[in-house]
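I opened this notebook to keep track of domains and contacts. My entries follow in the order I looked things up.

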Amino acid sequence: MTSALTGAKRFLFRFGFAYLVLYNFPFPFDYIPYVDVVFTPYFQMWKLLVPWVGSRLFHVDATTLPNGSGDTTWGYVQVFCYLVIALLAAAVWSIFDRKGRSHPRLYEGLRIYVRFALGATMISYGAVKVIKSQFPDPSVDRLLQPYGDASPMGILWTFMGASAAYNVFSGLSEMIGGLLLAFRRTALLGALVSAGVLLNIVLLNFCYDVPVKLLSCHLLAMAVFLILPDLRRLIDLLVLNRRVEAAAPRPFCTRPWLRRGIAVFATLAVLALTLFHLNRAAETSKLYGSQAPKGPLSGLWEVDEMSIDGQIRPPLITDTERWRRVIFGNTGQLAVQRMDDFRDRYLLAIDPKGKPGTLDLTRRFDPEWKTALAYAQPKPGFLTLQGLWGGHRLQVRLHRVEPPKFLLTTRGFHWINERPFNR
Amino acid sequence: MEPSAETWSPTRRIVFRFVFSYLILYNFPFPLDAIPWLGPILTQPYTDLWNALVPWVGKRLFHLAITIRPGGSGDTTYNYVQLLCYLVIAAVAAAVWTLLGAVVQKRLGKRADYGRLSAGLRTYVRFALGLTMISYGASKVIPAQFPQPGLDQLIQPFGEASPMGLLWTFMGSSASYVVFSGLAEVAGGLLLMARRTALLGALVCIAVLVNVVMLNFSYDVPVKLYSSHLLAMALFLVLPDLRRLANVLLLNRPAEPAAPRPELTAGWLRRAAPFLVAALAVAYTGYALYGSYDGSKQYGNLAPRPPLYGVWNVDELEVDGVARPPLLTDASRWRRMVISYPGVLGVQRMDSTSAYYRLYLGKRRLALAKFDDPQWKPSFSYREIAPGLLALEGTLEGKRTRIKLRRTPDTAFTLNSRGFHWINEFPFNH
């Protein structure tokens, strides 16, 4: 009974080891510049394997690679592959290693690996909030969009984007969790903070249709994995009010000089990683944030007249083809608000090479849908567009308007509210 | 280990006297106010006292005319002045207590037992905080605090919302997230009820309350004072165990069990206390959940929908026989009619401005009135031509008006209809 139990436990460990390494690989090599070239064949392998497994086993088309979404069919099939490979690895391992050894050092090594993999992710997610770039300030086209037209993910993004202070707070709690994980002494606290933060994130992702469910669940599971061995100590401390011993030293390596060396290296690595992520967030924010350089057409344009196939379309709000407003956002972004308030977004290139006076447009997440419009500015503050749009000839005259003073972005902070300003 | 109350330094005694006075003042008349139904009656004289004192202090000290009482907002001028009164009274109480204490000590030759008093204060704060967490949690577990977005919200642009409005609509749009937030609060509150689990409960409350405080400060929610106090109370409860927590979680040192705290009760009461507390916790949770259910039935997701509930698009409008097409340039033309609450009709015009009217709905007639101008009383006959199609005929601003409206189904709104998706090939961040 006992040997069967330890046998099962050992199998479980081997499976967990294989799965966690597979899931996080090629961390930490993906942080080392230029080394990623070595892993290109590894990714190529997955790009061949996943669609093959998808079509053979599940008859699904798993060809859309993870993009902004991590919950693609591809993502699920890959997780399935991880599970199968980890099971096979654990089985083979158990067949060849029957001496009944346990793996204390390997276990300790795995814990260190998971600590750093989780910690690095928490720091990276924290950095893009502390320096606001994951949730940018709501754009003009967003501010003009009615709630009901937004998706649940859209409302979460707008909610987060609307407060810089709340971003900094959320980001700091993630970063603190990540940084505490880096040091063995504070790792338990780091795992607890991370688990608390991640539980909230997992729930946000499930409740607001955010396609980071797989990743956030894995991160939460990793935090719980790190807490598990200390669960009894935590219960003794928090509930049973018993004496709690210091955690037994779990040396990964015993030589003092090596241990000290590793500690110094780890500290420097975490510091470098934090700075790297903060710097990258600052660059993203500079490119896409509210301080981003504005293009020459940037701003809010109201449609004065629009004709489709030579037919002038009056501004009827029932006309779902006519445009109401065009918003040139930060570099590379254009949004169209139709007469029925629907908001459509495009990737934009102004004056692309060899085509001056042209706007090249691609619909977001629909790379097949492309068009080129000729634009002209007859006088300052006026704009004309013409070209083909979904097979129809389009002519649009617009004039620039100052965006309204939005309540959401101008309300500000108030110590005193005689009445709740809930509007 | 926590020094026992007999060895407290004089400074610590003075700080304790102040904190004791302040926390009791801040939470009083708890637990009287938590008594179902009777609470408001019992506490009315005490409320009246403050209602007299606060405006007086405001006027005398700050030349403020305080007329607005705390209601939906807990960050009124009234609250800030009251807070100042609490601080001053607590400081005076601590000073008087210190003087009297010195006299008594000289007379009797022994010090007062702060151990029991401290334990009593902790118990008081535990219950005050715990019941508040349970009641806030209950109003989320059965969504009443954050109802699903109203119809007028669904047609409101983000930019016209206030930060608090955005937070409310964000929360309201996911019932499951609201339930999760509520469960976290109820769990924190229930854990606070038992002495054994109180430390864990206080830690859960701190995690939840830090987030609530940050939301209140970041989204202009006028519960800043109250939520900050609740957070401070949770921190106060953790304070004696801070060293033990740091030993285990930061320093990796052994931690001794906390010193036994003085018992507040003896005899049969001591034996019965756990059962009494458990019964109280269960009863209060049930009461809070029932209150939330009741609120939801009256104003929230479970409220009965009024007749003609919906967002009605004005498809056709005819004034004195002349058709007014839905042109954006026709600023004053009605664009939509919204009926989401009984007795209220919202009108959104083509230029996106809106107006609200009192609505009187008969079997075949529909009459409106302005809230501030009872003379303005247009009236229409109405009939549902087909499900979701409505025809109005009557006189508006002295002109014969015929309106044809079409209901936008609730599911036509992306926010309502998107639903849950395990797989998203692309993020649907619309």
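**Chain A, domains.** I began with how far apart the two domains sit. Between the centres of domain 1 of chain A and domain 2 of chain A, taken over C-alpha atoms, there are 42 Å. Chain A is divided into domain 1 (2-288) and domain 2 (299-401); such bounds come from an automatic or database domain assignment.

**Ground rules.** This is a predicted model, where local features need pLDDT of at least 70, side-chain atom pairs count only at pLDDT 80 or more, and totals for chains, interfaces and linings use all residues. Residues are numbered from 1 along each chain as its sequence is written, while chains are lettered from A and ligands numbered from 1 in the order in which they are written.

**Chain A, domain contact.** I counted eight residues of domain 1 of chain A in contact with 10 residues of domain 2 of chain A (contact: C-beta atoms, placed from the backbone, within 7 Å). The domain 1 side has four nonpolar, two polar and two charged residues. Here Ala, Val, Leu, Ile, Met, Phe, Trp, Tyr, Cys and Pro count as nonpolar, Asp, Glu, Lys and Arg as charged, and the others, Gly among them, as polar.

**Chain B, domains.** Chain B is assigned domain 1 (1-112), domain 2 (115-303) and domain 3 (310-414). The centres of domain 1 of chain B and domain 2 of chain B, over C-alpha atoms, are 22 Å apart. I found 18 residues of domain 1 of chain B in contact with 20 residues of domain 2 of chain B. On that domain 1 side, helix H1 (10-27) and H3 of chain B each give two or more residues. Helices (H or I, at least four residues) are DSSP runs, numbered from the N terminus. H1(B) has the largest share, five residues. By class, the side holds 11 nonpolar, five polar and two charged residues.

**Between the chains.** Next I looked at where the chains meet. The contact takes 76 residues from chain B and 77 residues from chain A. Helices of chain B supplying at least two residues include H3 (77-108), H7 (175-193) and H8 (198-218). H6(B) gives the most to this side, eight residues. The side of chain B has 44 nonpolar, 22 polar and 10 charged residues.

**Helix H10(B).** Which residues of H10(B) are buried? They are Arg244(B), Val248(B) and Leu249(B) (buried: 20 or more other C-beta atoms within 10 Å of its own, C-beta atoms being placed from the backbone). Seen down the axis of H10(B), the buried residues fall within an arc of 110°, so they line one face of the helix. The arc is that of the directions from the helix axis to the C-beta atoms. I noted that the buried residues of H10(B) pack against helix H8 (187-207) and helix H10 (231-240) of chain A.

Key. Contact = placed C-beta atoms within 7 Å. Buried ≥ 20, exposed ≤ 12 C-beta atoms within 10 Å, placed from the backbone.
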